[in-house]
Structure formats: structure tokens, C-alpha cells
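Here is a short report to read alongside the structure. Take a look at the sequence and the fold, and then let's go through a few features together.

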Amino acid sequence: MALEIGDQLPAFKLKDQEGNEFDSQKVLAGQAAVIYFYPKNFTPGCTAEACSFRDHFEDFTAAGVQVIGISGDSEQSHAKFAKRFNLPFTLLADAKGQVRRMFGVKSALLGILPGRETYVFNADGILIKRFKALAADPHIRMALRELNKL
């Protein structure tokens, strides 16, 4: 079942790029967050999206917002991706796709690729915006626009 506007951030635990456990209930308690799902590290679109979040990272942190990227890649792949592109935010390994299913992220390109979708949660953990597009750039613009409304 897909998350809808007004839904509470689900409780989940995944490993980050450093191999540490990320507990959504602890790390995101009382803090706004942008959680974006992307298909795969090191692909052109996903690299552009991650670098765009990186380039706007100060805008998000100034607003007190955590940025979290999630894909099915391993922790090791995430570590290499983050290091190569100087990504200052958390990347989570969802190898089994359970968090992707929890959020209701649909596959793209006739089910061939994992979908690209962005979720914006306010500081109370309530979903205020959900956005889906194959292109990476609109995700950052949409997230910043929604956060500026808070």
C-alpha cells in the first residue's frame, strides 16, 4: 500500500553507506526530511540527481531538513558513490526492496527499473508531498518548493 499525503513516516531500519544502522524513528524524530528513492548508483540520471541534492544541500540543512537517498545498491556501493561525488547526506541500502515497497514506490520503464520518487515529510513526520518523475532535476526543485512553504 502506497503512502499518501497526510500519512506518518513509516518505521524502518536500513544500513547506511558507513555500515551503521539507520533507524527512521530515532534519526528523523522531530525533524523534516526529504527521502528520495532512485534506481542505481553511478548511472547518469541517478548521479545527476545525487549531485543536485549535494549542490543544494546547504539549502536543506539551513531549513533543518535531512536528505536521505535510498536504492537497492549495497552499503559498499553507496560508500564508493558518496566518496566519488562528495555526497554529504545519508544513503541507505534497501537490497531487498522492503522499504521501497513500504513507501509504495512503483517500478519504471515497464517494470525494468526501480522507480524514482521523492517524499517530503514535515518535522512531525507527516508526508506533505510525494513526487514521481523519471528525470532527476524536478525532484530537487519540488522538494525545495514544498519545504519553503513550511
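## Salt bridges

How many salt bridges does the count come to? In this predicted model, the count comes to five.

One of them joins aspartate 23 to lysine 13, with the closest N and O atoms 3.9 Å apart. This pair links distant parts of the chain, since lysine 13 sits in strand E1 (residues 13-16) and aspartate 23 in strand E2 (residues 21-23), ten residues apart. Aspartate 23 is buried, at a relative accessible area of 10%, whereas lysine 13 is exposed, at 52%.

## Two more pairs

Lysine 40 pairs with aspartate 73, and their closest N and O atoms are 3.1 Å apart. Here, too, distant parts of the chain are linked: lysine 40 lies in the loop between strand E3 (32-37) and H2, and aspartate 73 in the loop between E4 and H4, 33 residues apart. Lysine 40 is partly exposed, with 46% relative accessible area, while aspartate 73 counts as buried at 7%.

Aspartate 55 forms a salt bridge with arginine 54, the closest N and O atoms being 2.9 Å apart. Aspartate 55 is exposed, at 53%; arginine 54 counts as partly exposed, at 27%.

## The two sides of helix H4

Which residues of helix H4 (residues 75-84) are buried? They are Ser77, His78, Phe81 and Ala82. These residues are on the same side of H4 because they cover an arc of only 130° around the axis. On the other side of H4, Gln76, Lys80, Lys83 and Arg84 are exposed.

The cover over the buried residues of H4 includes helix H2 (44-55) and strands E4 (65-71) and E5 (90-93). After H4 comes asparagine 86, with a positive phi near 50°.

Methods
Residues are numbered from 1 along each chain as its sequence is written. This is a predicted model: local features need pLDDT of at least 70, side-chain atom pairs count only at pLDDT 80 or more; totals for chains, interfaces and linings use all residues. Side-chain values use heavy atoms; hydrogens and water are left out. Buried means under 20% relative accessible area, exposed over 50%, partly exposed in between (1.4 Å probe, protein chains only). Helices (H or I, at least four residues) and strands (E, at least two) are DSSP runs, numbered from the N terminus. The arc is that of the directions from the helix axis to the C-beta atoms. Contact means heavy atoms within 4.5 Å. A salt bridge is a side-chain nitrogen of Lys or Arg within 4 Å of a carboxyl oxygen of Asp or Glu.
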